[in-house]
Amino acid sequence: MGTPERGSPLPTSVTRLWRPAAQRNLRNQWSKLASCRSEWFSCSSAARSHATSLVNAFLSQKYVPSMELGILNEMPDIRNKACSKLFKQQELHQRKLLSSYKDMVAVVTRMVNVSRLMRCYVKGPSSSPILQFSTSSENNDDNGDGAGIPVFAFWSISYFEQLAEELVQMFTSELNLKRLLVAELLTLSCEGPQLNELCWSYELYPGEFNDLSICNLYSIETCKPVPPGLVGRKYEMPTMQFKNQPNREVLQVYLTTWLAEVNIDTHRVDEIFAIIGDEMHVSLS
């Protein structure tokens, strides 16, 4: 990052008001980002637990017809009743997985919104300014960054924004990858012709595409979600119809991928919050 610009066109009296207000705003927004980070890992862990239970119920139901039941084999309809019970468990874990995914979308949406509120704008005449926090300014000459002056000791607001953008990009990319896994795992509870009706590009819950639009994960041009991938890499994803039930090995890969959080560099996330905390003289852990 370059050396922040030291000069400011704002009057000294306004600058004296702007800096503490900007400091309060940045502390507030980064505290919210830290809370969102904790919420994400909690929601992700809960979702993986539901996904694991869903997979276990699916595999158990799948193998019941060929299982050796021993003495239970003499009980009428024991296989059918077991399969019915396991299918109901699948449906339950399906709903819980979808609910946890929705919570994860909400967390990332908050992260995106918070990252856009780093700037502090001056409202009103310079003789009697009223400071406000917003994503836009009523004054075309006010960029909300104090003309690039350091907010605390060294960094301008733009530097805080760059770190927030890096952080948010990791979580949005991981959310998009997890969405693909959720879409696939939800088909485990489908039977018959319903299976052919499910597609990766369909909305998973009412209003999902509105939420994804906030996170830049929904394309207005194609009217479809943005294809998932790894941070810094883009590729085209063909239309996906979930026609074949995955086997045990594939499902294990899904669960392992979920646990790995491949798009989130945990060390870098910790480093970002440590850097910000040192600059602000606060703890964000």
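A residue counts as buried when its relative accessible area is under 20%. By that cut-off, buried residues make up 45% of the 285 residues in the protein chain. The model described here is predicted.

## Confidence

The chain averages a pLDDT of 83. A score of at least 70 is reached by 76% of the residues. Over residues 1-8 the pLDDT is below 50. This stretch still has 19 contacts in the model beyond near neighbours in sequence. Residues 192-196 also have a pLDDT below 50. They have 7 contacts beyond near neighbours in sequence. Where pLDDT is low, the predicted coordinates should not be read in detail.

## Layout

The protein chain holds 6 helices and 4 strands. Along the sequence they follow the pattern α-α-β-β-α-α-β-β-α-α. Take the contacts between residues at least 6 apart in sequence: 79% of them join residues at least 24 apart.

In soluble globular proteins, nonpolar side chains tend to be buried together. Here, the largest nonpolar core has 67 residues. Helices α1 (12-63), α2, α3 (157-186), α4, α5 and α6 (266-280) each supply at least two of its residues, and so does strand β1 (120-123). Helix α1 gives the most, with 17 residues.

Which residues have the most contacts inside this core? They are W30 and L167.

V105 and T109 are both found in helix α2, which covers residues 78-115. E208 is found in helix α4, residues 208-214. The table gives their relative accessible areas.

| Residue | Helix | Relative accessible area |
|---|---|---|
| V105 | α2 | 0% |
| T109 | α2 | 11% |
| E208 | α4 | 0% |

V105 is buried because its 0% falls under the 20% cut-off. T109 is buried too, with 11%. E208 is likewise buried.

T109 is in contact with D211, I214 and C215. E208 touches Y101, R179, Y202 and E203.

W40 is 65 residues away along the chain, yet the two C-alpha atoms are separated by 9.1 Å.

## Helix α5

Helix α5 spans residues 248-260, 13 residues in total. From its first C-alpha to its last it reaches 18 Å, close to the 18 Å expected at 1.5 Å a residue. Its buried residues are L251, Y254, L255 and W258. They cover an arc of only 90 degrees around the axis, so they lie on the same side of α5.

Both ends have a feature to look for. N247 caps the N-terminal end: one of its side-chain oxygens lies 3.2 Å from the backbone nitrogen of E249. Just after α5, E261 takes a positive phi of about 50 degrees.

How values were computed
Residues numbered from 1 in each chain as written. Predicted model: local features only at pLDDT ≥ 70, side-chain atom pairs only at ≥ 80, totals over all residues. Heavy atoms only, no water. Expected span 1.5 Å × (residues − 1). Buried < 20%, exposed > 50% of the residue type's maximum accessible area, 1.4 Å probe, protein only. Arc of directions from axis to C-beta. Polar contact = N/O pair within 3.5 Å; in protein donor to acceptor, adjacent residues only side chain to side chain. pLDDT = per-residue confidence, 0-100. Contact = heavy atoms within 4.5 Å. Core = buried A, V, L, I, M, F, W, Y, C linked by side-chain atoms within 4.5 Å. Lists of a residue's contacts leave out its neighbours within four places in sequence.
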